[in-house]
Amino acid sequence: MAATPDWAEYAARSFEPRPDADRWPTPGALAKVVEPASMQTPALDLVDEAVVWAYSTPHARLIISMPPQEGKSQRVTKTGSLWALHRNRDLRIGIVSYNKPLAESFGRDVRNWITTYNGDDGTTDLGLRIARDNGAASRWQLAGHAGGIICVGLKGSLTGRPLDALVIDDPFADKEQADSAYYRDRVWGWWQTVGSTRLAPGAPVIVILTRWHEDDIAGRLKAAEDGHRWRTINIPALADHDPEKGQSDPLGREPGEWLQSARGRTDEEWEAIRIQAGTRGFNALYQGRPSPDTGNVWQRPWWRRYTTPLWSQHPTIPDGYTVAEFDQMIMSWDMAFKDTKSSDYVVGQVWARRGANVYLLDQIRKRLTFTETLTAFQAMVKRWPQATAKLVEDKANGTAVINTLKSKIPGIVEITPTESKYARANAVAPVVQAGNVFLPEGEIALFDPEELIGEAADFPSGAHDDQVDATSQALAHMLLDGTGAQAWIEYVKRLAKARVQGAQADDQPPAAEATEGMEPGAAPEGERDAPAPPTTPAADVPEDPVAARQRARDAAFRQHQRR
């Protein structure tokens, strides 16, 4: 039996290209031969460069994430494997996917290209031939050489000789698999006990995938102790980086520029995809940034929702709204840093408070110039005339907005933060956790509430935090620093007392009350996820008049529904 080659011999055999390798210097160059109809895009140029790097660098570790159906599997798993075999006929490549049929289809296509492009009938001769006695779709070898491809699903094994390269292509079939902790553990276990153990010395590993979950194999590989070994290339559909924070786009695009699509998608089609996928789905699948299931500072399950509009058409102001029975209504603004359409967003929100509960009514989130910001501010003021205080952080363009509009619009309040963004968000986190912050359901919303929830879940690691800043500012003013602070304190006291009494009664702590000052269990009509606590208010807490009117209205509404 031949002795195992030492590292120098292995490196010479596996990473030194053949003399004719420059015939097709990249997988993209070879794709023009075997896939004449394929489109070469800037994204695929970057992918080509990464694949060349991986197959030319001992111990290379590469993760590539791109939007679905943009040619990553075609270029990396299929054309890339063919290109690598052309450079080195002795390269043993393993291809793994979430199931065996898909992995076999990759291997079959590479094998068929070799069979087709053999110089017959005027075709290009790749110089490769399939061994007659070793040509199955799942495992085949080149004639006269050790190289070839073995294809398995994640339930399969990689028995036999070591692999000189491993390509893991989409280990998750869909969102259901990616959301399953059991399946994620199974994928990770396969990598630890099967995939990584079959690698020959210096073998490169390429993982290509559409991101579904932050804890997928790409997330775990990067978070592992040796995560620094992995080179990660994430190509988002939409360039949404923030140059002010030193961020850049891998393709050198400007913020707001869509990906040049290998499938010919237009900007309008990309925009339609963004709407159809929803904020969380789009950020994961098309931007390569899956947000946590829960969130770091503000967790997803904490947000409460209301399903009936709290507003109605204003009787005298066209396009204006009015809200009945509220204790406080404010605006909260986070301004951009430049007097241009930069990567920063302008965010303006309208909030209403009833007791210790606050409701987000409206929001604008756009990239605006300074002049457009003034117009948007004035339009929001006209739209919600009951919003008395207009909170504006005294920095960036906010200072100029304050100076320009303060003599024209009453109630502009300058906010000068003294703590970090994280500290401010963390300070109001208990308010969100306690269930006192309500967002509208999408069916009735005047904006996209999922966009706020997604950004909040990403914070502080996300690309943007403009909505988080505006929300933190509003909640602190209404429930920590402003007139609602006492209502919040009384709410917490009453909630604690109710939980103690409930635990003593049946060892089942009651859930949070829906509205400050109301009879426990009563909630504004349309509020969802507001479980009912004990039915008798605490004797030492007088009922709020606003709450009394609301409770009466709710009772009348329920009586009407029974008829």
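These legends go with close-up views of charged side chains in a predicted model.

**Figure 1. Salt bridges across the whole structure.** Let's start with the overall tally: searching the entire structure turns up 27 salt bridges. Side chains of opposite charge can pair when their charged atoms come close.

**Figure 2. Glutamate 49 pairs up with arginine 231.** Here the two side chains meet in a salt bridge, with an N to O distance of 2.9 Å. The partners come from distant parts of the chain, 182 residues apart. Glutamate 49 belongs to helix α3 (residues 42-56), while arginine 231 is in strand β8 (residues 231-234). How accessible is glutamate 49? Its relative accessible area is 37%, so glutamate 49 counts as partly exposed. Arginine 231 is partly exposed as well, at 26% relative accessibility.

**Figure 3. Aspartate 109 and lysine 78 join two helices.** The closest N and O atoms of this salt bridge sit 2.7 Å apart. Aspartate 109 is in helix α5 (residues 100-116) and lysine 78 in helix α4 (residues 72-87), so the bridge ties together parts 31 residues apart in sequence. Is lysine 78 buried or exposed? Lysine 78 comes out at 9% relative accessibility, and because buried means under 20%, lysine 78 counts as buried.

**Figure 4. Arginine 289 and aspartate 240 bridge two loops.** In this salt bridge the closest N and O atoms are 2.6 Å apart. Arginine 289 lies in the loop between α9 (267-286) and β9 (304-306), and aspartate 240 in the loop between β8 and α9, so the pair ties together parts that are 49 residues apart in sequence. As for accessibility, arginine 289 is partly exposed at 25%, whereas aspartate 240, at 11%, counts as buried.

**Figure 5. A salt-bridge network takes in four residues.** Which residues are linked here? The network connects Arg184, Asp185, Asp215 and Arg220 through salt bridges.

**Figure 6. Negative charges gather on the surface.** Glu254, Glu257, Asp267, Glu268 and Glu269 make up this patch of negative charge. One of the patch members, glutamate 269, is found in helix α9. With a relative accessibility of 40%, glutamate 269 is classed as partly exposed. Residues need over 30% relative accessible area to be in a patch, so at 40% glutamate 269 clears that cut-off.

Methods:
Residues are numbered from 1 along each chain as its sequence is written. This is a predicted model: local features need pLDDT of at least 70, side-chain atom pairs count only at pLDDT 80 or more; totals for chains, interfaces and linings use all residues. Side-chain values use heavy atoms; hydrogens and water are left out. Helices (H or I, at least four residues) and strands (E, at least two) are DSSP runs, numbered from the N terminus. Buried means under 20% relative accessible area, exposed over 50%, partly exposed in between (1.4 Å probe, protein chains only). Patches are made of residues with over 30% relative accessible area and no salt bridge: like charges are joined within 9 Å, nonpolar side chains (Val, Leu, Ile, Met, Phe, Trp, Tyr) within 5 Å. Accessible areas come from the Shrake-Rupley method with a 1.4 Å probe; for residues, only the protein chains shown count as cover. Lys and Arg count as positive and Asp and Glu as negative; His and the chain ends are not counted. The place of a charge is taken as NZ of Lys, CZ of Arg, CG of Asp or CD of Glu.
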